[in-house]
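Open the structure in your viewer and get ready to select residues by number.

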Amino acid sequence: MEKKCHSQITALTFCILLLLLYPYHARAHDVCIIGSGIGGASVAHFLRRYSEPQTIGQITVFERNGVVGGRMATVTIAGETFEAGGSILHPKNYHALNYTKYLNLKVKAPKHPDDPLSLGVWDGHKFVYKTLSSNSKLPIIQRIVSIANSVRMLLRYGAFSLFRMSIFVEVMLNQFLKYYEDFEARPVFESVEGMLKWAGLYNLTRRTLGEELVDAGLSTTLIQELVTVITRINYGQSVNISGLAGAVSLAGSGGGLWAVEGGNWQMAAGLINHSDVNLHLQEEIKSVSYLGDVYELNSTQGKSYNCQVTVVATPLDEINIIFNPKISVPPRKLQHTHATFVRGLLNPAYFGLGALSDIPELVGTIESADLPFSSIGVQKKHEKDITYKIFSREPLSDALLDEIFSVRVETIKINWGAYPHYHAPERYAPFILDGNHLYYVNAFENAASSMETSSVAAENIARLILSRLSGKVNCDSSNLKSVTSDPSKMNSEL
Ligand SMILES: Cc1cc2nc3c(=O)[nH]c(=O)nc-3n(C[C@H](O)[C@H](O)[C@H](O)COP(=O)(O)OP(=O)(O)OC[C@H]3O[C@@H](n4cnc5c(N)ncnc54)[C@H](O)[C@@H]3O)c2cc1C
């Protein structure tokens with residue numbers, strides 16, 4: 001009798017203990033995400049994908065604008081849409097590829113290698129390099145022009161230099177592929193430095209692209225012309241950016257580049273729609289206060305929200321969120337890129353040429369203080385005129401546009417706080433801003449800014465959150481729902 005009573009008391013004590021512990025362990029954690037770009041949307045997606053329903057409760061995404069997507073946005077000119085921000089994706093951007101498949105989005109086919117845009121390198125006075133072009137649609141003619149252009153390029157920049165450049169990019173890409181390895185092979189990273197070191201990419205952020213390429217044996221002409229054209233188009237900056245940002249930029253000039261038909265922003269929209277998220281558009285977060293076990297977020301609409309986890313998925317450099325207690329991130333400047341869309345016709349006289357057809361479809365530029373633009377590229381040829389996209393570091397005045405263009409039917413100007421102004425050596429903000437559950441996806445942008453790098457950083461943040469919520473702070477992800485992320489299983493249909 002006494003023994004039975006004793007075991008009943010033990011069972012009761014155990015039940016009471018379970019009941020006491022239950023609310024803590026079984027409580028689903030609410031997550032607030034500031035920013036609905038590809039970074040914020042990816043955090044929501046991976047949190048849902050990697051966790052059991054009892055771990056993550058409500059996910060709320062706050063977006064100060066009226067639309068999702070952030071730096072992935074389109075402009076419409078005469079009924080046609082064009083990418084105004086993040087536009088091209090690499091064939092090995094596996095998260096983006098997977099998103100498009102998962103969301104049933106259509107991939108805009110890359111341009112045929114035999115029919116690339118004609119290219120000219122403009123120094124402000126003349127084209128120092130220009131590819132040949134032909135209006136013929138005959139494949140044999142296109143092939144001959146393509147071979148002739150390859151020979152021209154080899155003669156100007158040197159076979160060895162061009163080969164070394166492609167090896168430089170290839171090595172970086174292969175190291176980057178490690179970020180798609182399975183959980184067993186890939187730790188969860190608590191810092192950007194740790195993440196870069198593990199993949200063997202950290203040293204590339206200690207020196208400038210220029211220094212790396214000189215050491216790799218590239219000719220000065222190649223660095224000052226083609227490489228500079230590419231870094232000016234992709235990051236609005238010179239070869240003084242870090243080697244890693246430079247290698248990512250160069251990778252974005254290769255073949256097989258693609259985009260989402262109708263706009264890349266649909267990746268963010270789709271991920272948010274499929275992740276059981278409360279989306280608050282036109283609601284800017286102005287303060288984040290840690291109250292001990294929750295964060296209180298206050299918005300410009302005068303509302304306040306409580307979450308156990310808060311994720312900042314936007315660069316902190318040009319926004320005014322007040323953090324309480326204060327956080328500390330290294331100072332960082334954003335490079336502004338002015339994207340100007342013009343429907344009209346370029347003025348051949350501005351380029352010292354006699355006919356419009358002599359102007360290359362992509363005009364790149366070298367580093368020169370008096371050059372008012374970084375690039376001018378044909379977006380679409382219409383019956384009577386052409387839509388162009390111009391990138392510049394400063395806004396382009398109407399007077400200057402009227403010199404560059406002989407006809408200007410429609411003009412749209414966008415000023416982007418586009419990407420970090422890169423340095424070498426780079427310094428990084430922490431992924432965990434306060435030692436608790438305040439996370440920063442865009443700390444990784446100092447390594448390189450792109451839709452894919454934001455997704456890679458976001459995936460790591462989702463794993464980091466889940467690992468730390470489970471108490472396994474030593475970066476063990478054995479508790480996460482196992483999913484395959486082997487790149488070889490992520491077939492590209494491109
Ligand atoms: C002109 C240009 C060209 C580019 N070209 C390419 C390219 O070809 N390929 C490529 O891969 N990448 C490119 N990029 C870079 C790429 O677009 C970005 O790296 C990527 O989209 C960043 O995504 P994100 O989610 O990290 O940040 P963002 O897209 O900037 O998202 C942050 C979001 O947070 C919101 N927000 C900010 N503060 C608050 C607040 N307080 N409350 C609520 N919401 C807030 C913002 O409105 C924004 O929507 C380009 C960028 C630009 C500007």
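Start with the largest nonpolar core, which has 117 residues. Such a core is a set of buried Ala, Val, Leu, Ile, Met, Phe, Trp, Tyr and Cys residues joined through C-beta atoms within 7 Å. Buried means that 20 or more other C-beta atoms, placed from the backbone, lie within 10 Å of a residue's own. Select Val43, Val311, Tyr439, Val441 and Ile461, the residues with the most contacts inside this core. Its largest share, nine residues, comes from helix α12 (residues 451–469); helices are DSSP runs of H or I, at least four residues, numbered from the N terminus.

This is a predicted model: local features need pLDDT of at least 70, side-chain atom pairs count only at pLDDT 80 or more, and totals for chains, interfaces and linings use all residues. Residues are numbered from 1 along each chain as its sequence is written.

Next, pick Val311. Leaving out residues up to four places away in sequence, Val311 touches Val31, Ile33, Ile34, Val43, Tyr439, Val441 and Ile461; contact means C-beta atoms, placed from the backbone, within 7 Å.

Now show helix α2 (residues 38–50) beside α12: their axes lie 8 Å apart, at an angle of about 40 degrees. Axes here are lines fitted to C-alpha atoms over the stretch in contact, with angles from 0 to 180 degrees between N-to-C directions. Where do the two helices meet? Among the residues in this contact are Val43 and Phe46 in α2, and Ala458 and Ile461 in α12.

Finally, colour by burial: buried residues make up 41% of the 494 residues in the chain.

Methods: A residue is buried if 20 or more other C-beta atoms lie within 10 Å of its own, exposed if 12 or fewer, and partly exposed in between; C-beta atoms are placed from the backbone.
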